[in-house]
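The entries below keep the order in which I looked things up.

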Amino acid sequence: MNDNADNSLRTLIVDDEPLAIERMQVLCSEIDQLRVIGTASDGDSALRLSEKLNPDLLLLDMTMPGKDGLQVAREAGKMDHPPAVIFVTAHENFAVEAFDLEAIDYVLKPVATERLERAIERALARKGRKENGSGDDWLGEFWVPHRSELLRIDAAEVFRIDAERDYVRLHVGDTSYLLLQTIAGLEEKLNPDDFIRIHRSTILRRDYIVGLKHEGLGVWCAELADGEEMRIGRTYLKKVKAMAGR
């Protein structure tokens, strides 16, 4: 096991089932970048230990007596040095809430070592960004329900986002995915250097816009890399034209 603090994550395991804690300890022992510093069997204990031990990472069960995983993550996020959170749960129906809390990952039980390792890589990447002074809070990835699983999509793969009532549709290549999230709420989480809202119902990746076209009478359209043209809403026109130095 690697004990170098720069290359490991001080980890607190939280689960109300002793066998689940034991299994997670075994899995963690197989990952060099993890250093387990404690375990907790309920939400209140997890928060007390987090205050005392200052972990880098919580491996957090979702359903527990008293405070559940979502409550723990929400309160831990208010600490002076909030730990990263990876939810480890048998329930897939809390992914949207976990997404809103900006958890690192959402791993379903039974947990395979390879699956946990991928989650840990993301936690290490976030820790590295923070240590290098680039740890902004912009959203970098999405969890989306697809068939019987949850897919994780890098924000860099999304070129267009459309509003559909209380949902947004993420366009990735030739595929699209629905996500329970308002477009206004999502806009606040996206890096404005990468995404720009051109209409009340549309957000685009900036590098997907190849030109702006004046249609007359104050009407402008964005010309996209796939040849499509999308009308720019008047409310957003000034910001879009500023992108082109106009």
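**Entry 1**

I began with helix H3 (residues 69-76), which lies across strand S3 (57-60) and S4 and runs at about 170° to S3. For my own use I noted that helices (H or I, at least four residues) and strands (E, at least two) are DSSP runs, numbered from the N terminus, and that angles run from 0 to 180 degrees between N-to-C directions, with axes as lines fitted to C-alpha atoms, for helices over the stretch in contact, where contact means heavy atoms within 4.5 Å. I also wrote down that this is a predicted model, in which local features need pLDDT of at least 70 and side-chain atom pairs count only at pLDDT 80 or more, while totals for chains, interfaces and linings use all residues. Residues are numbered from 1 along each chain as its sequence is written, and side-chain values use heavy atoms, with hydrogens and water left out.

I then found that S3, H3 and S4 make a right-handed β-α-β unit (with the strands pointing away from the viewer, the path from the first strand over the helix to the second runs clockwise).

**Entry 2: the parallel sheet**

I looked up the sheet and found five strands in an open arrangement, ordered S2-S1-S3-S4-S5, with parallel pairing (two strands pair if DSSP finds at least two bridges between them). Strand S2 (34-40) and strand S5 (105-108) are at the edges with a single partner strand each, so one side of each has no neighbour in the sheet. From one strand to the next, the twist averages 25°.

S3 pairs with strand S1 (residues 9-14) over four parallel bridges, and Val 14 stands opposite Leu 60 in S3. S3 also pairs with S4 in the parallel sense over four bridges, where Leu 57 has Ala 84 in S4 as its bridge partner. What covers S3? I found both faces covered, with Leu 57 and Leu 59 on one side and Leu 58 and Leu 60 on the other, all of them buried (under 20% relative accessible area, with a 1.4 Å probe and protein chains only).

**Entry 3: the antiparallel sheet**

I turned to another open sheet of five strands, in the order S10-S9-S8-S12-S11, where the pairing is antiparallel. Strand S10 (175-180) and strand S11 (195-199) are its edges, each with a single partner strand, so one side of each is left without a neighbour in the sheet.

Methods
Buried < 20%, exposed > 50% of the residue type's maximum accessible area, 1.4 Å probe, protein only.
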